[in-house]
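Have a look at the sequence and the coordinates before reading on.

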Amino acid sequence: MDEIQPSLQRRAAARDAQRLGKRSRQHQPAAPVSRSRTSKKAQQSQETRDRLLDAAEELFARHGLYGVTVRNVAQHAEVDTALIHYYFGTKRGMFDAVFDRRTQGVNQTRMAAMDAYEAASAGNITVEGAIRAFLQPILEKDRNADQGWRNYSALVAMANNSKEWGGEMMSRLFDHVIRRLIALLKKAMPDASDEDLYWSYQMLSGSLMVIQASTGRIELLSGGLCRSDDVDAFGERLVQYAAAGFRAVCASRRR
């Protein structure tokens, strides 16, 4: 009897240990991560990435690619420098991401505007109409611009004038949209040569970039009469100016 009692106690202790073990954290299945927690984490990650892009966009627009360091951007965004490497890899990766963020959307809008114009014109495409369709999405962005868009516009203007890295990047991002405009202009001026059309576009692009750069030059030159943020003042003037230039260049070459 004395020997049986310890044996029974040992069995009871083993059963209790087994029950406790099943209830312990070690033996419990991992709790599923809630969708709301995952969603919130993804949202926070996107907000951090956007804050970095906003900071980089502003600094690059002021100082260019080589005038800004990774540390500058991190300090401006008030985040750790390591996050820039996590999201973008390198400074150039971040620079490209700044462009990609807005460019894709505005390019889609411009392509859609030119497609809609061509469909609505019923074969009666004009130089003014083609240029207006090409410019209108940009002008609308300028009209409703926040500071971020203004920074992006100034950065595009800077890139367009950079021989070292602007040419390749501008071609990669914008050439398909420009060629769509050239195709429309060919329908408006079927006798125009490709050479004249591309040179004329280059001059249109230069005019647009000077306006987009928003350096304050027109304000100083005009004594405040003109403002580079006055879309209602320069929008249609730019269309008419460019259209007259296209026609003059293309016509003079046929004489």
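Burial comes first: buried means under 20% relative accessible area, exposed means over 50%, and partly exposed lies in between (1.4 Å probe, protein chains only). By that rule Lys186, at 28% relative accessibility, counts as partly exposed. Please keep in mind that this is a predicted model, in which local features need pLDDT of at least 70 and side-chain atom pairs count only at pLDDT 80 or more, while totals for chains, interfaces and linings use all residues. Residues are numbered from 1 along each chain as its sequence is written, and side-chain values use heavy atoms, leaving out hydrogens and water.

**Overall build**

The protein chain has 11 helices and zero strands. Here helices (H or I, at least four residues) and strands (E, at least two) are DSSP runs, numbered from the N terminus. Of the 255 residues in the protein chain, 37% are buried. Taking contact to mean heavy atoms within 4.5 Å, residues 24 or more positions apart account for 71% of the chain's contacts with a separation of 6 or more.

Two packed helices are described by the angle between their axes and the distance between the axes. The axes are lines fitted to C-alpha atoms, for helices over the stretch in contact, and angles run from 0 to 180 degrees between N-to-C directions. Angles under 35 degrees count as roughly parallel, over 145 as roughly antiparallel, 65 to 115 as roughly perpendicular and the rest as oblique.

How do helix 7 and helix 8 pack? Helix 7 (residues 147–160) meets helix 8 (residues 166–188) at an angle of about 120 degrees, with the axes 8 Å apart. That makes helix 7 oblique to helix 8. On the helix 7 side the contact involves Tyr152, Val156, Ala159 and Asn160, and on the helix 8 side Gly166, Met169, Met170 and Phe174. Sorted by class, this contact has six nonpolar, two polar and no charged residues. In this scheme Ala, Val, Leu, Ile, Met, Phe, Trp, Tyr, Cys and Pro count as nonpolar, Asp, Glu, Lys and Arg as charged, and the others, Gly among them, as polar.

Helix 7 also packs with helix 5, at an angle of about 105 degrees and with the axes 11 Å apart. That makes helix 5 roughly perpendicular to helix 7. Helix 5 brings Phe95, Val98, Phe99, Arg102, Thr103 and Val106 to this contact, where they meet Gly148, Trp149, Tyr152, Leu155, Val156 and Ala159 of helix 7. The contact has nine nonpolar, two polar and one charged residues.

**Met114 in helix 5**

Helix 5 also holds Met114, which counts as buried at 0% relative accessibility. Leaving aside neighbours within four places in sequence, Met114 is in contact with Ala133, Phe134, Val177, Arg180, Leu181 and Leu184. The C-alpha atoms of Met114 and Gln136 are separated by 9.6 Å, with the two residues 22 apart along the chain.

**Charge pairs**

Side chains of opposite charge can pair when their charged atoms come close. With a salt bridge defined as a side-chain nitrogen of Lys or Arg within 4 Å of a carboxyl oxygen of Asp or Glu, a search of the whole structure finds 16 salt bridges. Among them are these:

| Salt bridge | N to O distance |
|---|---|
| Asp96 and Arg92 | 3.0 Å |
| Arg247 and Glu128 | 2.7 Å |
| Asp194 and Lys186 | 3.5 Å |

Which parts does the pair of Arg247 and Glu128 tie together? Arg247 lies in helix 11 (residues 231–252) and Glu128 in helix 6 (residues 127–143), so the pair ties together parts that are 119 residues apart in sequence. Arg247 is partly exposed at 36%, whereas Glu128 is buried at 18%. By contrast, Asp96 and Arg92 both lie in helix 5 (residues 91–121), four residues apart, about one turn of the helix. Asp194 is partly exposed, with 43% relative accessibility. Asp54, Glu57, Arg101 and Arg102 are linked in a network of salt bridges.

**Cysteines and loops**

A disulfide is a pair of cysteine sulfur atoms within 2.5 Å, and a search of the whole structure finds zero disulfides. Cys226 is partly exposed at 33%, while Cys250 is buried at 1%.

Most residues other than glycine have a negative phi, and most peptide bonds are trans. Ala122, in the loop between helix 5 and helix 6, has a positive phi of about 50 degrees and is exposed at 72%. Ser214, in the loop between helix 9 (194–213) and helix 10 (217–221), has a positive phi near 50 degrees and is partly exposed at 44%.
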